[in-house]
Amino acid sequence: AMRERLALEQPVRTADGAGGATVTWQAVADLWAHVRPISGGERLAHDQVAGRLTHEVWIRHRTDIAPAMRLTQGARVYE
């Protein structure tokens, strides 16, 4: 049931000239995945409601995935 099309992205750091770095994301591959919500919740933080939703993402085996990478689906980011 891999029906979701996700983009696998890796971070690219470029020096900002002040001793730090700017991080941008570069697409590595487009892949099919099964995305399933696991849990969600809301809490009050600094007089605002903050929501959090966790997901389980299943993809086919790849040897080039590192922990620093992320998956995106349009504006949604899975870290």
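Ala7 is buried, with a relative accessible area of 13%, where buried means under 20% relative accessible area, exposed over 50% and partly exposed in between (1.4 Å probe, protein chains only). A word on the source: this is a predicted model, in which local features need pLDDT of at least 70 and side-chain atom pairs count only at pLDDT 80 or more, while totals for chains, interfaces and linings use all residues. Residues are numbered from 1 along each chain as its sequence is written, and side-chain values use heavy atoms, with hydrogens and water left out.

**Overall architecture**

- The protein has 0 helices and 5 strands; helices (H or I, at least four residues) and strands (E, at least two) are DSSP runs, numbered from the N terminus.
- Reading from the N terminus, the order of elements is β-β-β-β-β.
- The radius of gyration of the protein is 16 Å, whereas a compact globule of 79 residues would have one near 12 Å. That radius is taken over C-alpha atoms, and the globule rule is 2.2 Å times the number of residues to the power 0.38.
- Along the principal axes, the C-alpha atoms fill a box of roughly 40 × 40 × 20 Å.
- Of the contacts with a separation of 6 or more, 46% join residues 24 or more positions apart; contact means heavy atoms within 4.5 Å.

**Surface and charge**

- Buried residues make up 19% of the 79 residues.
- The accessible surface comes to about 6,300 Å², and 49% of it belongs to carbon and sulfur atoms. These areas come from the Shrake-Rupley method with a 1.4 Å probe, and for residues only the protein chains shown count as cover.
- The protein has 10 positive and 9 negative charges, and their mean positions are 6 Å apart. Lys and Arg count as positive and Asp and Glu as negative, leaving out His and the chain ends; each charge is placed at NZ of Lys, CZ of Arg, CG of Asp or CD of Glu.

**The nonpolar core**

- The largest nonpolar core has 8 residues: Leu6, Leu8, Leu31, Ala33, Val35, Met69, Leu71 and Tyr78. Strands β1 (4-15) and β2 each supply at least two residues of this core, and the largest share, 3 residues, comes from β2.
- Such a core is a set of buried Ala, Val, Leu, Ile, Met, Phe, Trp, Tyr and Cys residues joined through side-chain atoms within 4.5 Å.
- Leu8 sits in strand β1 and counts as buried because its relative accessibility is 2%.
- Beyond its neighbours within four places in sequence, Leu8 is in contact with Gln26, Ala27, Val28, Ala29, Leu31, Arg62, Ile65, Met69, Arg70 and Leu71.
- Leu8 and Met69 are 61 residues apart along the chain, yet their C-alpha atoms are separated by 7.0 Å.
- Leu31, again not counting residues up to four places away in sequence, touches Glu4, Arg5, Leu6, Leu8, Ile59, Arg62 and Leu71.

**Back to Ala7**

- Ala7 lies in strand β1.
- Ile59 is 52 residues from Ala7 in sequence, and the two are 11 Å apart in space, C-alpha to C-alpha.

**More accessible positions**

- Ala21 belongs to strand β2 and counts as partly exposed because its relative accessibility is 45%.
- Setting aside neighbours within four places in sequence, Ala21 is in contact with Arg13, Thr14, Ala15 and Asp16.
- His46 is found in the loop between β2 (21-45) and β3 (48-59) and is exposed, with a relative accessible area of 80%.
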